[in-house]
Amino acid sequence: MSRFKDLQKNLFGGTTSNARQFGMIFTLVAIVLLFQFLTANNLGVGFGDGLTLRSDNLIALFQQNSYILILAIGMLMVIVAGHIDLSVGSVAAFTGILVAKSMADWSLPWPLAILFGLAIGAVIGAWQGFWVAYVGVPAFIVTLAGMLLWRGANQYVGNADTIPVPKGFQDIGAGFLPEVGPDTGYNNLTLLLGLAACLAVVWRELQARKTRKEMNAEPAPLWVSIFRMAVMVAVLIFVTLRFAGGRVGTSFPISGLILVALVLIYGFYTRNTAGGRHIYAVGGNSRAAELSGVKLKRVNFFVMMNMSILASLAGMIFVARSAASGPQDGLSWELDAIAAVFIGGAAVSGGIGTISGSIVGGLVMAVLNNGLQLLGVGSDRVQIIKGLVLLLAVALDVYNKSQGRFSIIGSLTRPFRRDEPSKPAPTSDTGNEPAKTTVAG
């Protein structure tokens, strides 16, 4: 096999889980480079002076979209389980107004206000999860009702007022890693964070090779692993220097730290725990999952409750960044979160999708929105273009899969594909009835 075929096989659908994410990552990089070129050309300057990759733009882009990416984490789990949640924007807005009032009117300290907001999300999620899991009302209907209910509650409680929040609370949405240590010309904590990310990439690749050897499976060629690590480390170093080298007082956002922590926690939960596997089992075939011992009602209750808790967190981060809660908070957030999940590789029918894929899908939409704005495209045309990109990206990928060609979404979702239909069950020796089979517990 040629080196090119080796690279293609192992990079776009190879044998380690991180390789399956490269297709969408390369798409994101291509979009970033396209807008870097277009903005540089628009200004009549060199490629390196384009607006997209400037430190201040990357920091603002990440900070402005962190709440949508947090919503995408919860929405991925809801969609994988075979549901949809249309209420997340309203839940976020309602939580935001209550938290702002708790600090302004009740003098609640901001750390306790954050816990209060998460508790509100848990109660709302329990309410909606009860109707979905234990009453059997479809999640689409429950959350559509929730979208109207919590939006009305937001307007009733807030009385269309804008309520400011204190400085300490603002840091979770508008704050950055502080300046510590010697003057290196960069933010030192951001540099350390980037170094940790690079070491994690190398460790994960080496662990994947070690695991495959222990399982007596053939790992990817060593040079492919080195190439894969080199690409990821190079991208991480570049991004780290961009975030660390912005104007004084800015660095990696606190909201970004919260997002990274959630990605690690939920990524581990969905990949490596029984609870995470149960969510995929329910979305893939709920009846078979129930027969195998999965607590169907418990899983459905959990994903709905978890979604509302993350929506509450996203709402608080948005209010913190805006420095105030307002009546227009949360409008259409659910659409952005759903788009991020589907672009990231989730299946409409459930059972398929990854946390990392949804984050990359959300970044694709964020970069697209940001790049069009930098080019001076009006908001009306931005919405049209984003809608067409979502439709065409998924349609093209579905077509490629049907033709047996390389598929970005296919490469992202390969770990969670259902097996091909099995052959008909053999008949018993004593008649024409199918032989009995045992369901694994």
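Visitor: Is alanine 323 buried, partly exposed or exposed?

Guide: Alanine 323 counts as partly exposed because its relative accessible area is 25%. Buried means under 20% relative accessible area, exposed means over 50%, and partly exposed is in between, with a 1.4 Å probe and protein chains only. This is a predicted model, where local features need pLDDT of at least 70, side-chain atom pairs count only at pLDDT 80 or more, and totals for chains, interfaces and linings use all residues. Residues are numbered from 1 along each chain as its sequence is written, and side-chain values use heavy atoms, leaving out hydrogens and water.

Visitor: Thanks. Where is alanine 323?

Guide: Alanine 323 is in the loop between helix 13 (296-322) and strand 2 (324-325). Helices (H or I, at least four residues) and strands (E, at least two) are DSSP runs, numbered from the N terminus.

Visitor: And what about the phi of alanine 323?

Guide: Alanine 323 is not a glycine, yet its phi is positive, about 70°. Most residues other than glycine have a negative phi. Asparagine 216 also has a positive phi, of about 60°, without being a glycine.

Visitor: Where does asparagine 216 lie, and is asparagine 216 buried or exposed?

Guide: Asparagine 216 sits in the loop between helix 8 (188-214) and helix 9 (222-244). Asparagine 216 is exposed, because its relative accessibility is 76%.

Visitor: Let's stay with helix 8. What does the side chain of asparagine 188 reach?

Guide: Asparagine 188 lies in helix 8, and its side chain reaches the backbone oxygen of valine 180 at 2.6 Å. A polar contact is a pair of N or O atoms within 3.5 Å; within protein, one must be able to donate a hydrogen and the other to accept it, and residues adjacent in sequence count only if both atoms are side-chain atoms. Asparagine 188 counts as buried, at 12% relative accessibility. Leaving out residues up to four places away in sequence, asparagine 188 touches Val180, Gly181 and Pro182. Contact means heavy atoms within 4.5 Å.

Visitor: How far apart are tyrosine 186 and glycine 245?

Guide: They are 59 residues apart in sequence and 4.9 Å apart in space, C-alpha to C-alpha. Tyrosine 186 is in the loop between helix 7 (167-174) and helix 8, and counts as partly exposed at 35% relative accessibility. Beyond four places in sequence, tyrosine 186 touches Glu179, Leu191, Leu241, Ala244 and Gly245.

Visitor: New topic. What does the side chain of glutamine 36 lie 2.7 Å from?

Guide: A polar atom of that side chain lies 2.7 Å from the backbone oxygen of phenylalanine 47. Glutamine 36 is in helix 2 (residues 22-43) and counts as buried, at 2% relative accessibility.

Visitor: Last one. At what angle do helix 3 and helix 15 pack?

Guide: Helix 3 (residues 55-80) and helix 15 (residues 355-374) pack at an angle of about 140°, with axes 9 Å apart. Axes are lines fitted to C-alpha atoms, for helices over the stretch in contact, and angles run from 0 to 180 degrees between N-to-C directions. That makes helix 3 oblique to helix 15. Angles under 35 degrees count as roughly parallel, over 145 as roughly antiparallel, 65 to 115 as roughly perpendicular and the rest as oblique.

Visitor: Which residues of helix 3 meet helix 15?

Guide: They are Asn57, Leu61, Asn65, Leu69, Ala72, Ile73 and Leu76. Their partners in helix 15 include Ile355, Gly362 and Leu374.
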